[in-house]
Each structure stands twice: as structure tokens, then as C-alpha cells.
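I opened the model to look up its charged pairs, its sheet and its core. My notes follow.

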Amino acid sequence: MQSPRGKFITLEGGEGVGKSTNLQFVIQWLDSHGVEFVQTREPGGTPLAEQLRELLLQKRAENVDPTAELLMVFAARAQHLREVIVPALESGKWVICDRFTDATYAYQGGGRGLDRALISQLEQTVQKDLRPDKVLLLDLDPEIGLQRAAATGEADRFESEQLSFFRKVREAYRERALAAPERYAIIDAAQPLVDVQQQLAKELTGLLHG
Ligand code: TMP
């Protein structure tokens, strides 16, 4: 008998929202609840997609055309879906992905100002009808997020953007989440960590039993 498709969960948010710490929490939660899962990230997740990630994150003298950036993100995603995400879900495993297409709407759409309809077209071409079952959005004022992120080493090409860029990123994330509350959980990342994780656990419980 074929196993039912696994759940697809993504973790999203701007810089310095506590994504790494909370990703570890999600992973431990899934482990302790006996869920078989694959942990991955975007851009990246396969050797080719990880190379594209390096190209995207490297700071460079040349200005990167926003459409070129968008196409690289989706090139990496197409490979990642084919090699990792789709096979895992089809085998019944859950997939927990550190960022996915909501980051494209937020960074390339909100931050860079690209047309959402173009992003939506590429999303449809690359993903067909595959969308995350649940997007866990860690939401935080970017002023606080950037202060937190500054403490964690050298900034990459995205982290080097201005506060105004990250305000647009946050707004784009929130807009998407508010438009489809059944698929998104907006988690206030300014709360104490225990409260953030209590909310994450509640969302995961809902997915496991839903
Ligand atoms: P991170 O893994 O440290 O979050 O870094 C990934 C960076 O890539 C982050 O700054 C957001 C950016 N990004 C995009 O601009 N578009 C995308 O679609 C994805 C997945 C990430």
C-alpha cells in the first residue's frame, strides 16, 4: 500500500528572527513525536542548488539584476524539488524546509519590488500545485532583527541591505500570511523563546493530528 503524502512545512522570517534556534526546536519536536522527516533549506538542498546559493549570497562588485536573482532562486528550487522535496513527500516523509517560495515573494517581490504576477507564474511552472501545508512565519520588527543578526558574523549580500529593504520584506511576508490564515502561522518572535516554542508546538500538533 502506498503511504500517504508527508506534510510540507516551511520556516520563514527576516534576518535575526531566531530561525536557526527555532528550526532546532521543530526538528527535536518531530523526532520526539516519531515523525519521519527530511530537513532541508533554500536556496540550496542539493549540490547544484547549494552552488547557486553561494552565487546568490556572495557579495560582488557587479549589481545583480533582480530578475536574474529571481531566476536563480527558482532554478535552485526546481532542482531541489525534483531531487529532495517531491521524493520525500511522496515516500510519506515530512519535509521541514528553512525558507521556500514565501521568501521569494518577500525578498524579490517585497524587497526588490518585482512583480508578484511574475513570481506567481514561475511558482506555478516550477511547483505545479505543490505549496507548503504550513508556513511558520517568525515575525519581528527588522530594527530588532538586524541588531540581533549583526552579532552573528559577516553580512552576506542580502544581510547587507538597508533597514528599508527589510521593512518591505516583513510587510510582504505579513501580507501573504494574513491573506491565507489557514496555511500560515504568524509567530511573534519578540516574545520570550518559551512562548515562541509553545506556539510552534501547537502548530505542529495541529498538523500531526489534522
Ligand atoms: P538564510 O538561509 O541565512 O536565511 O539565507 C538565505 C538568504 O537568501 C536570505 O537572506 C533570504 C534569501 N532568499 C531570497 O532572497 N529568496 C528566496 O527565495 C530564498 C529562499 C532566500
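**Salt bridges.** I started with Lys134 and Glu203, whose side chains meet in a salt bridge at 3.5 Å, N to O. I count a salt bridge when a side-chain nitrogen of Lys or Arg is within 4 Å of a carboxyl oxygen of Asp or Glu. Lys134 sits in strand 4 and Glu203 in helix 8, so this pair ties together parts 69 residues apart in sequence. I took helices (H or I, at least four residues) and strands (E, at least two) as DSSP runs, numbered from the N terminus.

Buried or exposed, I asked of Lys134? Lys134 is buried at 11% relative accessibility, and Glu203 is buried at 16%. Buried means under 20% relative accessible area, exposed over 50%, partly exposed in between (1.4 Å probe, protein chains only).

**Ground rules.** This is a predicted model, in which local features need pLDDT of at least 70 and side-chain atom pairs pLDDT 80 or more, while totals for chains, interfaces and linings use all residues. Residues are numbered from 1 along each chain as its sequence is written, and side-chain values use heavy atoms, without hydrogens and water.

**More pairs.** I looked up Arg167 and Asp141 next; their side chains form a salt bridge at 3.9 Å, N to O. Arg167 is in helix 7 (residues 163–179) and Asp141 in the loop between strand 4 and helix 6 (142–150), 26 residues apart. Arg167 is partly exposed at 38%, as is Asp141 at 28%. I also found Glu69, Arg112, Arg157 and Glu161 linked in a network of salt bridges. A search of the whole structure gives 16 salt bridges.

I traced an open sheet of five strands in the order 2-3-1-4-5, with parallel pairing. Two strands pair if DSSP finds at least two bridges between them. Strand 2 (37–41) and strand 5 (184–188) are the edges, each pairing on one side only. Helix 8 (residues 193–209) lies across strand 1, strand 3, strand 4 (134–139) and strand 5, at about 165° to strand 5. Angles run from 0 to 180 degrees between N-to-C directions, with axes fitted to C-alpha atoms, for helices over the stretch in contact (heavy atoms within 4.5 Å).

**Core.** Which residues touch the most other members of the largest nonpolar core? Leu30, Ile96 and Leu136 do, among its 24 residues. Such a core is a set of buried Ala, Val, Leu, Ile, Met, Phe, Trp, Tyr and Cys residues joined through side-chain atoms within 4.5 Å. Helix 1 gives the most to this core, six residues.
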